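Biologist: Could you take a close look at one part of this model, its paired strands, and take me through it step by step?

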Amino acid sequence: MKFTDGFWQLRPGVTALYAHEAYDICETDQTVDGAGLVITAPTAAIAKRGDVLNRPVLTVTLSSPLDGVVRVRVAHHIGGAWHGGFDLPGAVDAGAGTASVDENGGVLTAGPLSARVTAGAPWNLSFDVNGTRVTGSGGRAQAYVQVADESQISHGVVGNARTGTTAPHAHTFVREQLDLGVGELIYGLGERFGPLVKNGQSVDIWNADGGTSSEQAYKNVPFYLSNRGYGVLVNDPGHVSYEIGSEAVERVQFSVAGEVLEYFVLAGPTPKQVLDRYTALTGRPPVVPAWSYGLWLSTSFTTDYDEATVTSFVDEMARHELPVSVFHFDCFWMREFNWCDFEWDPRVFPDPTGMLSRLREKDLRVCVWINPYIAQRSPLFAEAAAQGFLVKRADGSVWQWDLWQAGMGLVDFTNPDATAWYQGKLRALVDQGVDCFKTDFGERIPLEVEWFDGSDPSRMHNLYTQLYNKAVHDVLVDTKGEGEAVLFARSATAGGQSMPVHWGGDSTSTFESMAETLRGGLSLALSGFAHWSHDIGGFEGTPDAAVFKRWTAFGLLGSHSRFHGSGSYRVPWAFDEEAVEVTRVFTHLKMHLMPYLYAASLEAASCGTPIMRPMQVEFPDDPAVAYLDRQYMLGADILVAPVFSAAGDVDFYLPAGRWTNLLTGEEVLGGAWRREQHGFASLPLYVRPGAVIPWGARSDRPDYDYLDGLRLRVFPGGSGTRTVTVATPAGRSAEFTVDLADVTE
């Protein structure tokens with residue numbers, strides 16, 4: 001949201017009060033985190049006693065919930081409405097900061113991170129990591145902004161005006177601007193499909209069902225990561241507006257409606273350390289079951305299918321030696337107009353319990369589609385409405401609309417009884433033989449409603465997905481056990497990484513959409529999400545054979561892999577015989593890589609490092625990787641450069657060192673760009689110098705004893721020793737130390 005007209009002026013109808021000076025700085029032990037600083041910041045110079053009259057102030061509070069993290073709260077009226085922040089499971093009860101004040105100002109220190117506020121004018125709040133200043137809030141940065149007519153203010157269209165889910169109109173805002181240094185780049189802010197580097201962009205944190213080809217996002221996360229060694233989380237689940245070097249080109253600006261803005265600065269200095277602290281604060285990604293890393297095969301969306309169709313797909317995959325781990329039933333496992341009633345359509349699936357048993361005999365897990373809506377034709381609608389389990393309008397009537405499902409209502413997950421009722425329907429499906437759920441939707445959450453617990457509708461728009469996915473995830477944890485719960489979720493916000501897996505939403509069946517899908521996944525990884533997937537071949541439309549084959553290679557070189565489409569099947573033989581071979585090559589490769597991928601998943605659970613890693617995460621000191629968004633690291637040691645053309649031409653960058661092609665054994669020197677041409681059963685897949693890749697013995701399934709027949713593939717280019725730990729899904733582990741001197745694989 002833009003408030004200014006160039007450098008000197010405000011836009012018509014806008015007034016702003018800026019933090020002018022740190023008039024007084026007080027130590028306190030009464031912050032939400034214990035020890036901290038409270039700064040009174042008048043909005044004009046105080047030169048004489050009378051200047052304190054009729055003069056608004058901003059009250060700025062500094063504290064620390066966790067080592068390496070500083071909380072900043074900027075309030076105009078401290079008793080003003082604030083609808084609260086995110087759940088922070090990692091916050092330390094007694095806080096983690098120490099505060100001091102002297103004649104020069106105040107300092108709050110939390111491990112490697114210090115926040116320093118200078119006494120007097122001009123306003124100067126700075127942050128340093130290990131003694132090096134990384135950013136700060138200076139003159140005319142912190143502000144309380146009033147807008148007489150919001151139509152005068154320029155900001156992106158948020159949500160969908162047609163469906164009433166646009167961001168709320170407001171007339172008071174609290175704004176902060178943090179310095180954007182020379183060469184500084186900003187990443188993250190959720191799963192965004194535009195340029196990976198966010199500099200120059202206006203970004204609204206407002207969940208929307210906009211596909212992958214728009215500025216909207218299913219997974220909006222008000223957290224960004226800087227290449228200068230820090231991250232920033234705005235602690236507000238409502239609408240947060242960002243101007244990243246776009247309004248004030250020297251600053252990152254963020255603003256929220258109301259009287260209070262709260263944000264956290266998180267120290268690095270490396271991207272991995274920032275993500276470690278961010279996920280420690282907001283929730284670690286858990287371990288997901290090893291079977292979930294195998295191929296997921298779907299019915300697709302609007303296709304016709306019954307048990308015979310499903311069985312034919314499964315048997316044909318087996319005949320072609322294409323291992324499948326999960327079979328997914330999309331929406332039409334339930335009767336049309338009934339979504340959701342959680343009942344198999346008896347016209348198509350007369351014996352669902354028997355069918356699920358027969359699929360289990362084929363060694364398959366089963367996933368079914370759900371959403372948080374109850375259509376009025378569903379037998380459950382009257383039941384839920386009578387018990388007050390659906391979100392209501394202010395007049396007490398049930399909120400309904402016809403978009404997606406006719407007359408659908410929305411389950412009110414702020415009501416514990418409604419949550420338990422919804423969970424009961426899922427438990428019955430688990431008892432029947434369902435293993436996991438695709439938690440679709442959760443973005444189109446209205447504002448003109450009242451929630452059971454009195455929550456601010458503006459807060460609940462983005463936060464709803466958290467309650468929805470948690471309700472489902474909790475069922476699986478309870479029934480399957482820790483480490484066996486997995487979702488296939490579309491929407492999320494900060495903290496959603498603790499309920500994986502998430503997929504990229506509705507892409508189209510083109511190379512351009514394949515590329516934007518990858519950008520979205522990289523952006524999400526830089527927002528703290530360790531697990532991610534996408535619809536191989538694209539969702540909307542039917543891919544041509546070239547798109548399908550290239551996307552298959554890309555899709556099977558990630559944490560989770562799914563064949564799924566809208567109006568057409570995604571079985572490989574529907575495209576051509578070579579598509580079958582490409583699927584075989586890359587499913588078998590992924591199965592062999594499972595000891596390596598499972599180790600990466602354990603690393604994610606312990607410190608938040610994503611499995612699919614943007615180049616910026618693994619090579620933060622190499623300036624050549626700063627803008628790369630068409631390649632990534634799979635774990636720490638394997639570089640993947642998907643091919644985005646039928647012809648097979650691909651340009652990619654190898655960092656310095658002696659890299660080895662995993663598929664051919666060719667060794668090449670990095671520190672340069674490469675141009676290669678690849679057939680459909682190949683792509684640039686290079687192993688980092690000195691890597692030790694644990695190579696599993698099986699190619700038919702992801703969940704096996706990785707130590708049985710394990711091979712350590714040791715690659716040249718390293719020195720010294722390398723220690724590798726291989727853990728199995730059953731809990732066994734072994735540690736291996738390899739001398740890298742004079743290694744040839």
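**Paired strands and their sheets**

Modeller: Ile-205 stands opposite Val-240 in β19, in what is a predicted model. Residues are numbered from 1 along each chain as its sequence is written, and side-chain values use heavy atoms, with hydrogens and water left out. Because the model is predicted, local features need pLDDT of at least 70 and side-chain atom pairs count only at pLDDT 80 or more, while totals for chains, interfaces and linings use all residues.

β16 pairs with strand β19, which covers residues 240-244, in the antiparallel sense over four bridges; a strand here is a DSSP run of E of at least two residues, numbered from the N terminus, and two strands pair if DSSP finds at least two bridges between them. Both strands belong to an open sheet of six, in which the order is β3-β13-β14-β20-β19-β16 and the pairing is antiparallel. The edges of that sheet are taken by β3 (14-18) and β16 (202-205), each of which has a single partner strand, so one side of each is left without a neighbour in the sheet. From one strand to the next, the twist averages 20°, with axes being lines fitted to C-alpha atoms and angles running from 0 to 180 degrees between N-to-C directions.

A second open sheet, of eight strands, runs in the order β4-β5-β6-β7-β21-β18-β17-β15, and its pairing is antiparallel. Here β4 (24-31) and β15 (186-190) stand at the edges with a single partner strand each, so one side of each lacks a neighbour in the sheet. Neighbouring strands of this sheet are turned by 20° against each other on average, direction ignored.

Val-724 stands opposite Phe-736 in β43, and the two strands, β42 and β43, form a hairpin with five residues between them. In the turn of that hairpin, Gly-731 has a positive phi of about 100°.
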